Amino acid sequence: MVAARVAPAVGGVENLLRDVAGELAREHEVAIVSVRNDDAPWTRLGDSIDVPGAFAPYVDRGVRVTALRAPRNRRVLHQAQRLQTLRVSRRFAFGRMRHGLHWSYAAATSGGAVAAMPDADVVHAWSPDLPAAAGLRAARSLGVPFVVSPFVHPNQWGDGVASRRLFRRADRVIALLDVDAAFHRSVGVRPERIAVIGSASDGVSPGGGPGLRRERGIPGPLVVFLGARRAYKGVDLLLAAAPAVEAAVPGTTFAFVGPGDPLPLIDGVRLIDAGRVGEAERAAWLDAADLLCLPSEAEIFPLSVLESWSVGTPVVVSDIPPLRELVERTGGGVAAGRTPEAMARAVAELLADGSRRARLGEAGRAAWRSRYTTAAIAARHAEVYAAVCAEARPSVRR
């Protein structure tokens, strides 16, 4: 497996990769080659030349993890990445120039990937961009199939012309939802090469909610936002909706769980800035919540939703195609328009209807238990690997 970031770095993709790889390692030999394992902010050169520093190899849940780096005699090829930062050329860094940047990065680093997994049967990239280019070249060098999980946010991230070409060359593209698969078909990936398998979470431990409520003094309704406070996650939108929710359902508490900038003060609204928390407290917040609210501008398949469902907590999400598909196919929540008014109305209506919340929460828990556990999703990955190996198309051996 080839990745841009791996645990202990924090993030949905990082958590999914760690869980799936660890589950597969129970029966298979699994190795991960990753650019980094830290939470430093993204920069244009942060996944190529200006990587914060090589990490020592380690074993995590039975999986060998090593750093993806260019051998000394190949590092000169890395210098092409500096075109991303020059005043004129940086404007074209994610256009057609990206083809050349993919080539130079893959030429520089793929040898390191091959050295880390010389007897691989499958190479699977968990990224749409430069690390995936290294993974594709490594797979072709080894003469084995190439699988990619792109996690694309269309029109925002991961769908540049070079990445689209890479998707078309893959032996299998893993999509998380039907809307994800539709995007890949739209950019020329053959339908038979797309596998829709969903995402995974082992859930969180129930039972910590009542204690957390007592400790924090939360007697009434509780709305939780869980995740890093990045701009696209919709924190500002939820904050803007909070006064209207408080007016409709007095005594509501809004808790923001996850790293990010401090919250502003809002007159008449109770806000709790929980910040970065450990796994036990994360579980307790979800168990304590009346609902999880995720008003994101862009998502694919957020693991926080699965974690919320694992303790029977329903969700209110933004009305973007992936999230709408997710709640419609499971019945585990509602989708609302990305305006403060629409979000406030959806949250307030659900807070006021306990029996409906219970039904939605139970539907979400049933969906998680039957389709989205780590064991279930890891088994689907294994099926994809077995299928591409069985096909053994001549094109793989180029």
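This is a predicted model: local features need pLDDT of at least 70, side-chain atom pairs count only at pLDDT 80 or more; totals for chains, interfaces and linings use all residues.
Glu 281 is partly exposed, at 29% relative accessible area.

Next, select Asp 290 and Arg 357. They form a salt bridge, with the closest N and O atoms 3.4 Å apart. Asp 290 lies in the loop between α8 and β12 (291–294), Arg 357 in helix α12 (residues 354–371), so the pair ties together parts 67 residues apart in sequence. Buried or exposed? Both Asp 290 and Arg 357 are buried.

Move to Arg 172 and Glu 391. Their salt bridge has its closest N and O atoms 2.6 Å apart. It links distant parts of the chain: Arg 172 in strand β7 (residues 172–175) and Glu 391 in helix α13 (residues 374–391), 219 residues apart. Arg 172 is buried, at 8% relative accessible area. Glu 391 is partly exposed, at 37%.

Then select Arg 5, Glu 14 and Asp 39. Salt bridges link these three in a network. The whole structure has 23 salt bridges.

Zoom out and show the cartoon. The protein has 13 helices and 14 strands. Its C-alpha trace spans about 65 × 50 × 40 Å along the principal axes. Colour by burial: 55% of the 398 residues are buried. Colour by charge: there are 50 positive and 41 negative side chains, and the centres of the two sets lie 8 Å apart.

Technical notes:
Residues are numbered from 1 along each chain as its sequence is written. Side-chain values use heavy atoms; hydrogens and water are left out. Helices (H or I, at least four residues) and strands (E, at least two) are DSSP runs, numbered from the N terminus. Buried means under 20% relative accessible area, exposed over 50%, partly exposed in between (1.4 Å probe, protein chains only). Lys and Arg count as positive and Asp and Glu as negative; His and the chain ends are not counted. The place of a charge is taken as NZ of Lys, CZ of Arg, CG of Asp or CD of Glu. A salt bridge is a side-chain nitrogen of Lys or Arg within 4 Å of a carboxyl oxygen of Asp or Glu.
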